[in-house]
Amino acid sequence: MTHEEILHRLNQNRPACLDTLHGCVIGFEPDKSAVTMAFEPGLNLCHSVDVVQGGNVTAMLDAAMAHAVFAVEKFKAIPSSIDINVSFLRPSRAGKFTAVGTVVKLGRTVGYLKAELFNTAGEMTATATSSVYLTRHPEV
């Protein structure tokens, strides 16, 4: 499966929750085991006027990490979160964001992931680490 095929498939089969966050995959770096996603959460996902609710920030980070697994494993593994730890470094205000999800290590049944979220000024607004259970489908 080529790099372009992986990117196309990631965006073609994206879940509906990404539509709410206006999210899509914009890059895959196989040598870094990393996927970059773009998001644009609107005011409907905010509290305190324009601060994106923490669950939505977490969803952006989680999506980037999950998509990194899909890409690295060429869709032969489905990650399910065991735990996710998020650090909110500054307010994530409604607008455009870039999330980079990276596979740290994948075993047969458990994987370790990390992600970073950046605003348009290039400021990191949140980070996450996650452990995931991997359901493998060799026939996919």
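**A colleague's note on the predicted model**

1. Let me start with strand S2: 5 of its 6 residues are buried, so S2 is largely enclosed by the rest of the structure. Here buried means under 20% relative accessible area, exposed means over 50%, and partly exposed is what lies in between (1.4 Å probe, protein chains only). Helices (H or I, at least four residues) and strands (E, at least two) are DSSP runs, numbered from the N terminus.

2. A word on the ground rules. This is a predicted model, in which local features need pLDDT of at least 70 and side-chain atom pairs count only at pLDDT 80 or more, while totals for chains, interfaces and linings use all residues. Residues are numbered from 1 along each chain as its sequence is written, and side-chain values use heavy atoms, with hydrogens and water left out.

3. Now the sheet around S2. It is open, has 6 strands in the order S1-S2-S6-S7-S8-S5, and its pairing is antiparallel. Strand S1 (24-29) and strand S5 (77-88) are at the edges with a single partner strand each, so one side of each has no neighbour in the sheet. On average, neighbouring strands are turned by 25° against each other, direction ignored. Two strands count as paired if DSSP finds at least two bridges between them.

4. How many bridges link S1 and S2? The two pair in the antiparallel sense over 5 bridges, and glutamate 29 has alanine 34 in S2 as its bridge partner. The hairpin of S1 and S2 has 4 residues between the strands, and in it serine 33 takes a positive phi near 50°.

5. S2 also pairs with S6, running antiparallel and joined by 6 bridges; alanine 38 stands opposite threonine 98 in S6. Further along, strand S7 (residues 110-119) and strand S8 (residues 124-136) run antiparallel and are joined by 9 bridges, with tyrosine 112 opposite serine 131 in S8.

6. Helix H3 (residues 54-72) packs on this sheet, touching S1, strand S2 (34-39), S5, strand S6 (97-106), S7 and S8, and its direction makes about 140° with that of S5. Contact means heavy atoms within 4.5 Å. Axes are lines fitted to C-alpha atoms, for helices over the stretch in contact, and angles run from 0 to 180 degrees between N-to-C directions.

7. Threonine 36 lies in S2 and is buried at 15% relative accessibility; leaving aside neighbours within four places in sequence, its contacts include Cys24, Ile26, Thr98 and Val100. Asparagine 56, in helix H3, is buried with a relative accessible area of 19%. Not counting residues up to four places away in sequence, asparagine 56 touches Leu21 and Leu45.

8. Which residues have the most contacts inside the largest nonpolar core? They are Val35, Met37, Phe39, Val57, Met60, Leu61 and Leu117, in a core of 34 residues. Such a core is a set of buried Ala, Val, Leu, Ile, Met, Phe, Trp, Tyr and Cys residues joined through side-chain atoms within 4.5 Å. Helix H1 (3-12), S1, S2, H3, S6, S7 and S8 each give two or more residues to this core, and H3 gives the most, with 9 residues.

9. There are 4 salt bridges in the structure, each a side-chain nitrogen of Lys or Arg within 4 Å of a carboxyl oxygen of Asp or Glu. One of them joins aspartate 50 to arginine 93, with the closest N and O atoms 2.9 Å apart. Aspartate 50 lies in the loop between strand S3 (46-47) and strand S4 (51-52) and arginine 93 in the loop between S5 and S6, so this pair ties together parts that are 43 residues apart in sequence. Arginine 14 pairs with aspartate 19 at 2.6 Å between the closest N and O atoms, and lysine 32 with glutamate 29 at 3.6 Å. Lysine 32 is exposed at 52% relative accessible area, whereas glutamate 29 is partly exposed at 32%.

10. Last, the aromatics: a search of the whole structure finds 1 aromatic pair. Phenylalanine 70 and phenylalanine 75 have ring centres 6.5 Å apart and planes at 10°, so the pair is stacked. Rings of Phe, Tyr and Trp (its six-membered ring) pair if their centres lie within 6.5 Å; planes under 30 degrees apart count as stacked, over 60 as edge-to-face and the rest as tilted. Phenylalanine 75 is buried at 12% relative accessibility, while phenylalanine 70 is partly exposed at 22%.
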